[in-house]
Amino acid sequence: MAYKTTNPYTNEVEHEYPQASDADIEKALTAGYALYLKWRNGGELEERKQIITRLGQLLREKKHAMATLMTHDMGKLIGEAEGEVELCASFCDYYVKKADEFLAPTPVYTTSGNAYVLHQATGVLMAVEPWNFPFYQIARVFIPNFLVGNPMILKDASNCPTSAQAFANLVKEAGAPEGSLTNMFISYDQVAAVIADKRCQGVCLTGSERGGKSVATEAATNLKKNTMELGGNDAFIVLPDADIDKLEKVIFFSRLYNAGQVCTSSKRFIVSDKLYDEFLKRAKKVFSSVKMGDPMDPSTTLAPMNSKRAKEKLQKQVDTAVANGAKVYYGNQPVTDQEGQFFMPTILTDISRDNPVFDQEMFGPVMSVYKYHDVAEAIDIANDSSYGLGSTVFSENIPEARKVAAQIDTGMTWINNGWASLPEIPFGGVKHSGYGRELAKQGFFSFVNDHLVYEAEN
Ligand code: NAP
């Protein structure tokens with residue numbers, strides 16, 4: 001596959017990168033493994049904390065320049081890209097503050113002898129990451145693992161190579177030794193070869209269910225621990241007592257942020273029949289007031305999709321939905337006044353459960369709206385999904401919202417809010433949305449060897 005930056009606003013190919021050789025991979029594995037041997041017992045933690053502190057400073061100093069690279073790679077709005085860089089810097093702050101506490105040995109209570117658990121590195125990791133948040137996706141796996149002592153080989157999406165290389169360059173500039181994070185333009189087969197190598201001891205992937213299955217199969221074949229952060233078809237349940245004005249304010253962020261290309265975007269709005277008609281009116285108001293245009297212009301509110309291929313795939317899904325009985329409440333018209341890969345925000349209703357798109361992730365600015373009468377029905381629709389990443393419950397009655405939240409089969413639920421990602425909050429899903437967690441303490445421990453030491457009583 002070709003690694004290149006094709007700006008989805010101008011459709012111009014801005015950069016192309018040659019594929020790495022097997023010898024380059026061997027070099028990265030050798031350098032990474034040598035670091036692991038130095039770091040596995042907690043060696044040089046202070047130095048690594050300083051490097052991550054410096055990385056946070058560099059991210060903040062170069063925020064606009066880094067954000068611009070992401071906008072050129074995959075089209076996101078410059079303001080959203082700057083927010084992403086700032087979020088990555090906050091991961092640096094959080095993990096530097098927490099590293100000593102997380103890595104301190106844990107005493108184990110036993111009635112005989114003395115026991116404790118050391119928290120050690122496991123080896124080189126293979127990270128496979130997507131294009132939708134080019135910096136954030138790398139940061140959330142690299143930063144904690146660098147502090148743990150796990151060096152990383154990165155295979156990022158083939159359509160955002162410039163951002164991936166820029167992130168790796170910043171890590172180097174922050175003072176990280178060679179092998180700490182090696183960004184590589186490699187093929188799927190080369191990813192499989194890294195996973196099979198005995199120096200690699202873990203695999204983390206964020207991406208689609210399809211990509212996840214392939215890479216998880218390689219990991220399983222080689223008995224390598226892995227975490228999978230996959231797609232979602234997140235439900236947003238609007239309870240009958242929701243405040244519709246407050247709700248209107250979160251519709252944009254929940255569905256249209258990043259042109260709707262967020263794994264945890266709310267994709268299915270499941271609305272009480274008491275509010276259904278009003279909800280549709282408000283959603284249309286929000287969807288029809290977006291401004292498409294140059295993502296570098298701060299007044300633009302809807303970015304192009306990341307690629308022509310992604311736009312075509314989404315259009316096919318909308319066409320399938322409609323061919324199978326869904327109604328277009330708003331949108332689904334070609335965008336003719338822009339050159340870039342824009343998709344008109346679209347609202348679909350009347351998607352029956354046997355419609356093929358009912359159980360598909362639509363990764364772009366398309367909202368599906370369902371009507372329910374009883375709350376039990378809303379929960380049933382929400383849970384009738386192969387996916388289980390995030391969900392939202394919107395209500396003025398917080399105890400009731402919490403009761404509903406606890407009944408949704410997802411890894412995360414937000415109450416009265418769209419999705420959120422913060423360093424201290426664990427992130428991940430269940431069912432076909434994957435397994436394992438990133439961020440927070442849970443993410444920090446994904447590739448830690450909890451090494452028991454037991455001293456017998458004599
Ligand atoms: P994708 O096609 O699975 O690609 C993701 C990454 O996996 C890319 O680097 C891709 O490389 C690589 N890849 C795919 N198949 C591979 C294989 N067989 N061997 C090795 N590498 C492979 O996913 P996408 O469509 O670009 O990303 C969007 C998806 O990610 C959505 O489903 C979204 O919901 C999900 N996502 C999930 C989370 C989460 O935390 N759960 C967060 C963000 C996004 P190439 O680019 O070279 O194909």
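Predicted model: local features only at pLDDT ≥ 70, side-chain atom pairs only at ≥ 80, totals over all residues.
Take Phe-142. Leaving aside residues up to four places away in sequence, Phe-142 touches Ile-52, Leu-55, Met-152, Phe-167, Val-171, Ser-180 and Leu-181. Contact here means heavy atoms within 4.5 Å.

Now the whole chain. It has 14 helices and 20 strands, which are DSSP runs (H or I, at least four residues; E, at least two) numbered from the N terminus. The radius of gyration is 23 Å, close to the 23 Å of the globule rule for 458 residues, so the chain is as compact as a globular protein of that length. That radius is taken over C-alpha atoms, and the rule is 2.2 Å times the number of residues to the power 0.38. Buried residues make up 57% of the chain (buried is under 20% relative accessible area, exposed over 50%, partly exposed in between; 1.4 Å probe, protein chains only).

Next come the charges. The structure holds 26 salt bridges, each a side-chain nitrogen of Lys or Arg within 4 Å of a carboxyl oxygen of Asp or Glu. Lys-49 and Glu-46 form one at 3.0 Å, N to O. Both sit in H2, three residues apart, about one turn of the helix. Lys-49 is buried at 11%; Glu-46 is partly exposed at 44%.

Glu-173 and Lys-62 pair at 2.9 Å, N to O. This pair links distant parts of the chain: Glu-173 is in H6, Lys-62 in the loop between H2 and H3, 111 residues apart.

Arg-282 and Glu-248 meet at 2.8 Å, N to O. Arg-282 lies in H10 (276-288) and Glu-248 in H9 (244-256), so the bridge ties together parts 34 residues apart in sequence. Both residues are buried.

Residues are numbered from 1 along each chain as its sequence is written. Local features need pLDDT of at least 70, side-chain atom pairs count only at pLDDT 80 or more, and totals for chains, interfaces and linings use all residues, while side-chain values use heavy atoms, without hydrogens or water.
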